[in-house]
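Subject: A structure for you to look at

Hello,

I am passing a structure on to you, along with some notes on what turned up in it. Please open it alongside this email and follow along as you read.

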Amino acid sequence: MAQNIAIERVDHIGVRVRNLDRAVGFYRVLGFAVVRRAEGDDVAIIRNEHGVELNLVFNANAGDPATNILMDVRDKYPGYTHIALRVASIPETVAALNENGIPIAQGPVSFGESGQISVFVRDPDRNVIELRGREQGVVEGVTRYVPKPALAGSMCHQRGRPARRNP
């Protein structure tokens with residue numbers, strides 16, 4: 001039998017963006033700060049106080065800036081559809097998003113009886129970020145996720161264009 005690779009954890013996530021300054025401004029609201037820019041490459045490494053690291057690859061130059069090719073078009077291409085980041089408090093997260101003018105694309109939504117509640121946002125380049133809180137107790141305005149027919153769905157499992165919800 002072949003030996004398995006012992007993955008310990010996710011090291012970092014690469015996110016392609018069009019404009020570094022605009023992306024850094026957005027991710028700053030999520031608690032990230034620039035650690036360094038890679039020498040000779042279009043990559044900025046950002047990290048939060050808990051060691052979560054994102055690599056902002058700032059060389060996006062194709063496609064409609066208002067469309068995410070993996071989430072907003074009818075044809076479904078393979079690829080990563082979103083990142084999910086754990087937050088301590090969904091109510092505090094929603095308040096911070098509202099205070100910073102970041103629209104909530106979906107949520108707050110629960111995915112079962114586990115107490116996990118998520119809100120979904122889009123960065124300036126339409127990349128999807130799920131902000132998930134665990135063991136949240138009662139949170140105002142939460143809807144329960146119910147899978148929909150093939151042309152609808154959550155941001156997480158989306159098959160069509162999402163309905164917009166602005167706070």
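Below are some notes on the sheets, the helices and a few single residues.

First, the ground rules. This is a predicted model, in which local features need pLDDT of at least 70 and side-chain atom pairs count only at pLDDT 80 or more, while totals for chains, interfaces and linings use all residues. Residues are numbered from 1 along each chain as its sequence is written, and side-chain values use heavy atoms, with hydrogens and water left out.

Helices (H or I, at least four residues) and strands (E, at least two) are DSSP runs, numbered from the N terminus. Two strands are said to pair if DSSP finds at least two bridges between them.

Let's start with the sheet of four strands. This open sheet has the order β1-β4-β3-β2, and its pairing is mixed. The edges are taken by β1 (13-16) and β2 (33-37); each has a single partner strand, so one side of each is left without a neighbour in the sheet. From one strand to the next, the twist averages 30 degrees. Angles here run from 0 to 180 degrees between N-to-C directions, and the axes are lines fitted to C-alpha atoms, for helices over the stretch in contact. Inside this sheet, β3 (residues 43-47) and β4 (residues 53-57) are antiparallel partners over five bridges, and Ile46 has Leu54 in β4 as its bridge partner. Helix α1 (residues 20-29) lies across β1, β2, β3 and β4, at about 155 degrees to β4. Contact, here and below, means heavy atoms within 4.5 Å.

Now to the other sheet. Five strands form it, again open and with mixed pairing, in the order β5-β8-β7-β6-β9. Here β5 (82-87) and β9 (143-144) stand at the edges with a single partner strand each, so one side of each has no neighbour in the sheet. Strand β6 (residues 106-110) pairs with β9 in the parallel sense over two bridges, and Val109 stands opposite Thr143 in β9. Helix α2 (residues 90-99) lies across β5, β6, β7 (117-122) and β8 (128-133), and runs at about 20 degrees to β7.

Two backbone details deserve a look. Most residues other than glycine have a negative phi, and most peptide bonds are trans. Gly107 and Pro108, however, are joined by a cis peptide bond with omega of about 5 degrees, and Pro108 lies in strand β6. Arg126, in the loop between β7 and β8, has a positive phi of about 75 degrees although it is not a glycine. Arg126 is also buried, at 11% relative accessible area (buried means under 20%, exposed over 50%, partly exposed in between, with a 1.4 Å probe and protein chains only).

What surrounds Arg132? Arg132 sits in strand β8 and is buried, at 18% relative accessibility. Leaving out residues up to four places away in sequence, it touches Leu85, Arg86, Val87, Ile90, Phe111, Gln116, Ile117 and Ser118. Its side chain makes a polar contact of 2.6 Å with that of Gln116 and another of 3.2 Å with that of Glu130. A polar contact is a pair of N or O atoms within 3.5 Å; within protein, one must be able to donate a hydrogen and the other to accept it, and residues adjacent in sequence count only if both atoms are side-chain atoms.

Finally, Ala88 is in the loop between β5 and α2 and is exposed, with a relative accessible area of 75%.

Enjoy exploring!
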